[in-house]
Amino acid sequence: MSKDRHNAIRPTSQVFTPEEDVLFEVALESSVSAFTWAVLHEGADEATAVAVGWKPRSGGRKPAAEHTISLGSAVEWDERYVHEHEDDDVHLDEGEYRLVLYAGRPGSGETGSAFIEHAEELDQDAFAVSTHPAAGSDTGHDGDIGQPLRVALVREGPTGQVERSSPVTYAEFRRFLEADWGPGDAYDDANAWPAFGGRPYQALRRAARDFVSRSKVTSFGDLVPPGYEEHKLEETAAQFPGILLPRDAGTAYLPGVELIWNYWLEEGMLVQTLNVILARFQNRRIPGRDPLARFDVTPLLPLRNRLWGYAEDELHRLTVRRRAVEYEYEYGFSLIGRAVPRPHVVVERRNGFLATFHQVLFLAHRYFKELDDLTVQADAFPLYRALRDCHIVLSQGTQNQYGEMAVAARAEFLVMQSILAEPQMREFLGGRPMTPYPEAWMDRVDSMKSIQGWTDTSIMHFNDLATIGEQLVLTIRLGNWADPGVGGIEAATWAQAFRYGIQKYAAAYRSATGVDLAQEPSTEMPSTLLARRLSGARIRA
């Protein structure tokens, strides 16, 4: 618990057996004068308080900064779930439980269950009670496994390559729509909506905002590739840094999306593709030649409803100017184009991010090389220092519009992807049926690039940069790498957990820009590299 500098509550194990005493640890800031903890049972309809306790029990004595608390110290408990045995031990029934930390304690004559109804929540975590202990949990052997042995076991890595994809992607959004609006393609049925008007688009926009707003990060485990920890000792989870929340945060989580996802898709021409289609839909001529002169949409197709609503909603969408200045503020990334504001209008620019982030990727590849060489002892300390430097730079940009901008921009881009994924788009733009695009909207973007003479780099590479880059940046921004208790062990565990993603990001960056981050930590702006590559391709053509 020493790594978490904010109010926190954590169980000592993720899974307890019914015979075990449930223990949990509490860390408090110096400003907390009293606290209440509660164990809630996750029922089908609502959570039920099965045990509640608080400190101090009475008087005004301030509690210590750290506590190890047993379930048996509860002041109140629900006998439907908690049973007191002859040995005076208290045990829980099998099931899933939530552990919640509250500020303050019940007033005179007030029950703990009534107090938590209105109390301020400081932190929460979860655990389970099962007759089947978690893999790697304590089985009665001596707990004297030293740190060097833990590191050696962690170095073995997962049995297979594991990549974590963002839970806020078009594919997940599509499943969300199908669950919310009906099975299959029911929500694409033109007869399900009014013949004219923007209601289909408005429903799509509301669904996207609702979907994105559900993404959150409460612990580092939310960012770790799925399946990674089940190949490790249970202690591996403790080798990741804690999540850093601002001291004045009114919530126990931060959004699980990053604006770098939007940046890379914008560089991949997602936004420009739909803008060109929308201009032709509105009979507006864009500068230069107009390859879409024969683009027509019949009123009988649902695509027309989507495009009409999208055009009507222009005043409520983020402009490229707003996104561009936020890219500069959070990452120091610049866009190139007529609609992009001039550099002198930007108040603050995160110049150090590109150098520190690419240094992290470069040192990670060097660590992998040392790790695979059994004749040397891999040293992760340089990687830790790079992670710490990058974390500090990112934390300076975690202000102002951070979070709000990423959530709003993600919802808008998901709507763009949904409109492009309509089957009628393929009828108009054509495509390559034999190219294995992971998502339906991708071939529309690549087709538009070919029609307009834009870059020939596939949108699949930019999508890899967006999804993987987002996960890596989230782990660096939200992980408390500046904590004095964090060092090379945590950096080594991070590198191995995200090894596949790091290598895939570097490969996608090389395909898009021509720069190999595994060989050199380039500090040249991605937009400059992309523009230079496009210019060279046009000269060769």
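These notebook entries record what I looked up in the predicted model of this chain.

**Entry 1. Conventions**

I worked with a predicted model, in which local features need pLDDT of at least 70 and side-chain atom pairs count only at pLDDT 80 or more, while totals for chains, interfaces and linings use all residues. Residues are numbered from 1 along each chain as its sequence is written, and side-chain values use heavy atoms, with hydrogens and water left out.

**Entry 2. The chain as a whole**

I first took the secondary structure, which comes to 17 helices and 13 strands. Helices (H or I, at least four residues) and strands (E, at least two) are DSSP runs, numbered from the N terminus. I then looked up burial: 50% of the 541 residues count as buried. Buried means under 20% relative accessible area, exposed over 50%, and partly exposed in between, with a 1.4 Å probe and protein chains only.

The chain exposes about 25,700 Å², and carbon and sulfur atoms supply 49% of that area. Accessible areas come from the Shrake-Rupley method with a 1.4 Å probe; for residues, only the protein chains shown count as cover. Among contacts with a separation of 6 or more, 72% are between residues 24 or more positions apart. A contact means heavy atoms within 4.5 Å.

**Entry 3. The three-stranded sheet**

I followed an open sheet with the order S1-S3-S6 and antiparallel pairing. Its edge strands, S1 (8–11) and S6 (66–70), each pair on one side only. From one strand to the next the twist averages 20°. Two strands pair if DSSP finds at least two bridges between them. S3 (residues 23–27) and S6 are joined by five bridges in the antiparallel sense, and I noted Leu 23 opposite Ser 70 of S6.

**Entry 4. The six-stranded sheet**

I traced a second open sheet in the order S2-S11-S10-S4-S5-S7, with mixed pairing. S2 and S7 (76–77) are its edge strands, each pairing on one side only.

Which strand does S2 (residues 15–16) join in parallel? The partner is S11, through two bridges, and Val 15 has Ala 128 as its bridge partner there. S11 (residues 121–129) also pairs with S10, in the antiparallel sense, over eight bridges. In that pairing I found Tyr 97 bridged to Phe 127 and Val 100 opposite Gln 124. S10 (residues 95–103) runs antiparallel to S4 (residues 35–42) over seven bridges, where Val 100 is the bridge partner of Ala 38.

I checked the length of H8 (residues 320–331): its twelve residues reach 16 Å from first C-alpha to last, close to the 16 Å expected at 1.5 Å a residue. The expected span of a helix is 1.5 Å times one less than its number of residues.

Buried in H8 are Arg 323, Ala 324, Glu 326, Tyr 327, Glu 328, Tyr 329, Glu 330 and Tyr 331. Their cover includes H5 (260–267), H6 (270–281), H9 (352–372), H10 (381–396), H11 (404–420) and H14 (459–478). Gly 332 follows H8 and has a positive phi, near 75°.

I next looked up Ser 334, in the loop between H8 and H9. Is Ser 334 buried or exposed? Its relative accessible area is 19%, and Ser 334 is therefore buried. Residues up to four places away in sequence aside, Ser 334 touches Tyr 263, Glu 267, Glu 328, Met 525 and Ser 527.

I recorded the packing of H10 against H15 (residues 488–497): the angle is about 85° and the axes are 8 Å apart. Axes are lines fitted to C-alpha atoms, for helices over the stretch in contact, and angles run from 0 to 180 degrees between N-to-C directions. H10 and H15 are therefore roughly perpendicular; angles under 35 degrees count as roughly parallel, over 145 as roughly antiparallel, 65 to 115 as roughly perpendicular and the rest as oblique. At this crossing Leu 383, Tyr 384 and Leu 387 of H10 meet Gly 488, Ala 491, Trp 494 and Ala 495 of H15.

For H11, the end C-alpha atoms are 25 Å apart, which agrees with the 24 Å that its 17 residues should span at 1.5 Å a residue. H11 is mostly covered, with 14 of its 17 residues buried.
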